[in-house]
Amino acid sequence: MDASMEREKSARREVRSLWYRREEDFAELRDYNDYLETVEEIVAGLLDDAAKPATQARLKALGREGRELTARNRAKFDAERRALLELAERERGAASARAEAAAAAEASANATAARVRAEMQDDIAAGRLSAAAAQGQLREAKAKALAAQAAADDSGYQYVPVQGAEPAEVLVQPLVPVEEGDKPKFLLSSINMEKQDYEDDPVRFRTISIAGGHLSDLWRTRYTQEAFSPHALAFTPGGRANAARGRGARGRGSTPSRLPLAERKS
């Protein structure tokens with residue numbers, strides 16, 4: 001620990017040993033905050049060699065007031081500190097036990113997998129098992145080992161893949177219908193998608209718009225104007241900010257496609 005930090009730590013211990021108050025000792029929070037400010041002043045004084053003698057005299061004078069209260073508070077502080085240390089030690093022990101159990105389970109699973117693999121290789125060599133069947137049995141054994149390891153681990157949630165489960169095919173946006181073959185598949189534009197029921201219901205439309213963080217009018221404006229605006233293709237970062245600072249400057253705040261041809265050439 002740095003020497004200056006050690007000095008400050010020692011000064012705070014000295015203050016706490018002679019004059020120690022807790023929040024419950026004060027009727028008003030302001031009074032407790034005043035106490036904390038005084039503690040900081042005393043600590044600063046103890047760290048200042050010139051002010052240290054006067055500060056120590058002040059601390060002793062304060063310590064003479066309510067010695068019994070300081071003693072009770074120090075006992076509470078020591079008990080709380082011991083409880084925290086004991087809790088930390090228990091948590092370290094539990095974490096170590098979980099790590100050892102996980103390592104043992106992993107070693108056991110690896111040994112089992114190696115044994116099963118060796119047995120399968122012998123069966124394949126003897127013609128008693130096909131390679132495809134062996135691969136399937138290996139996957140099944142691995143899934144069972146993972147499930148057993150997860151059941152033995154009580155530290156929290158752990159993902160275990162379900163044997164034979166295939167991820168569902170989810171498309172963010174429908175594709176343009178095409179015949180089977182090598183033809184490219186394009187995303188179906190929103191304007192050509194089937195209209196949703198809520199779009200014809202003003203109440204539901206407004207509710208959904210607000211849920212998305214927009215008022216319905218703003219939502220519709222952004223949807224129809226910005227999403228399909230050809231100017232978005234020529235968007236330049238900072239264009240709007242530049243436009244706000246001064247639209248009078250030629251070419252500032254606009255994309256080149258918005259300028260008249262004469263200005264674009266200049």
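Predicted model: local features only at pLDDT ≥ 70, side-chain atom pairs only at ≥ 80, totals over all residues.
Residues are numbered from 1 along each chain as its sequence is written, and side-chain values use heavy atoms, with hydrogens and water left out.

I searched the whole structure for salt bridges and found ten (a side-chain nitrogen of Lys or Arg within 4 Å of a carboxyl oxygen of Asp or Glu). One of them joins Arg12 to Glu8 at 3.0 Å, N to O; both residues lie in helix H1 (residues 3-18), four residues apart, about one turn (helices are DSSP runs of H or I, at least four residues, numbered from the N terminus).

I then turned to helix H4, residues 67-125, whose 59 residues reach 87 Å from first C-alpha to last, close to the expected 87 Å (1.5 Å times one less than the number of residues). Within H4, I found Thr70, Asn73, Val116 and Met120 buried, whereas Arg115 is partly exposed at 45% and so is Glu119 at 41%. Arg115 and Glu119 meet in a salt bridge of 3.3 Å, N to O.

I also checked Asp123, which forms a salt bridge with Arg128 at 2.8 Å between the closest N and O atoms. Salt bridges that share partners join Glu8, Arg12 and Glu40 into one network.

Notes:
Helix = DSSP H or I, 4+ residues; strand = E, 2+ residues; numbered from the N terminus. Buried < 20%, exposed > 50% of the residue type's maximum accessible area, 1.4 Å probe, protein only.
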